[in-house]
Amino acid sequence: MSASELAGLIRRQQPCVVLTGAGVSTESGIPDFRSRTGLWAQFDPLEYASLEAFRRDPRKVWSFYKPRIAVLTEAEPNPGHRALAELEELGLVEAVVTQNIDLLHECAGSRNVIEVHGSIRTATCPGCGERQPLQRVVELLADADAPACPACGEILKPDVVFFGELLPADAIERATELARRARLLLVVGSALEVHPVAGLPLETLAAGGELAIVNRGPTALDNEASIRIDGAAGELLPQVVAAVH
Ligand SMILES: [Zn+2]
């Protein structure tokens, strides 16, 4: 299956909604979670990324998050992110639903982005509820191993969805609605292993839409896809943009 076939499918099957996972950001130098070399091979997510772990020992969770924030704030969008922004600009992508928390779709110019796992854009104080922007969190981290709330001193929690936490209801509702209306759901860089987001393609299929997948390695729904391309988003999506022109 080729980029030009995918371009044809995108043109025919409108509206097209994109669902992205960690694979779209690995080319920006951001490690994924579940691969052999991913973060969860090094860090037990229940110890470093669960709500319970944060309540028990927020400083330990920040020992994982502080270097991660440094990587995320240094990262730049790659050609895959930029291609998706261009497809939106061309009116061929209605929205990007992302599992990523890195803000790179927005950085690349995508406008309609639904962050179903939250993002690093803000952090919230579990004590007083005050919310701080990323820039302030970075400043607080310059002098400390964990950012303390300027108002009450409690350790801030990044507004990313931790294990044991519900997804933001408005985001998942919007994503589900978009998936139901989509004539094409294009999955990029996700093995479709993490629920409930992995269920979004099923909404599209149940409503009579089609599924296309661009991912390195197999996914849970390969057999349901009209087009399945094994490859890197940063190489393939620019070819798709060239082909739709
Ligand atoms: Zn506070």
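User: How do β4 and β5 pair, and over how many bridges?
Analyst: β4 and strand β5 (residues 131–133) pair in the antiparallel sense over 3 bridges. Two strands count as paired if DSSP finds at least two bridges between them, and strands are DSSP E runs of at least two residues, helices H or I runs of at least four, numbered from the N terminus. This is a predicted model, where local features need pLDDT of at least 70, side-chain atom pairs count only at pLDDT 80 or more, and totals for chains, interfaces and linings use all residues. Residues are numbered from 1 along each chain as its sequence is written, and side-chain values use heavy atoms, with hydrogens and water left out.

User: Which residue in that hairpin takes a positive phi?
Analyst: G129, with a phi near 80°. The hairpin of β4 and β5 has 6 residues between the strands.

User: Why call β4 largely enclosed?
Analyst: Because 6 of its 7 residues are buried. Buried means under 20% relative accessible area, exposed is over 50%, and partly exposed is in between (1.4 Å probe, protein chains only).

User: OK, core next. Which residues touch the most other members of the largest nonpolar core?
Analyst: W62, Y65, I69, I120 and L156, out of 30 residues. A nonpolar core here is a set of buried Ala, Val, Leu, Ile, Met, Phe, Trp, Tyr and Cys residues joined through side-chain atoms within 4.5 Å. The largest share of this core, 6 residues, comes from α5.

User: What is I69 in contact with, beyond its sequence neighbours?
Analyst: Leaving out neighbours within four places in sequence, I69 is in contact (heavy atoms within 4.5 Å) with W62, I120, L134, V138 and L141. There's also a second, separate core of 27 residues, which includes A3, I10, V96 and L236.

User: Switching to β7: which way do its residues point?
Analyst: L184, L186 and V188 point one way, L185 and V187 the other, and all are buried. That's 5 of the 5 residues, so β7 is largely enclosed by the rest of the structure.

User: Which strands does β7 run parallel to?
Analyst: β1 (residues 16–20) is joined to β7 by 5 bridges, with T20 partnering V188. β8 (residues 210–214) also pairs with β7 in the parallel sense over 5 bridges, and L185 partners L211 there.
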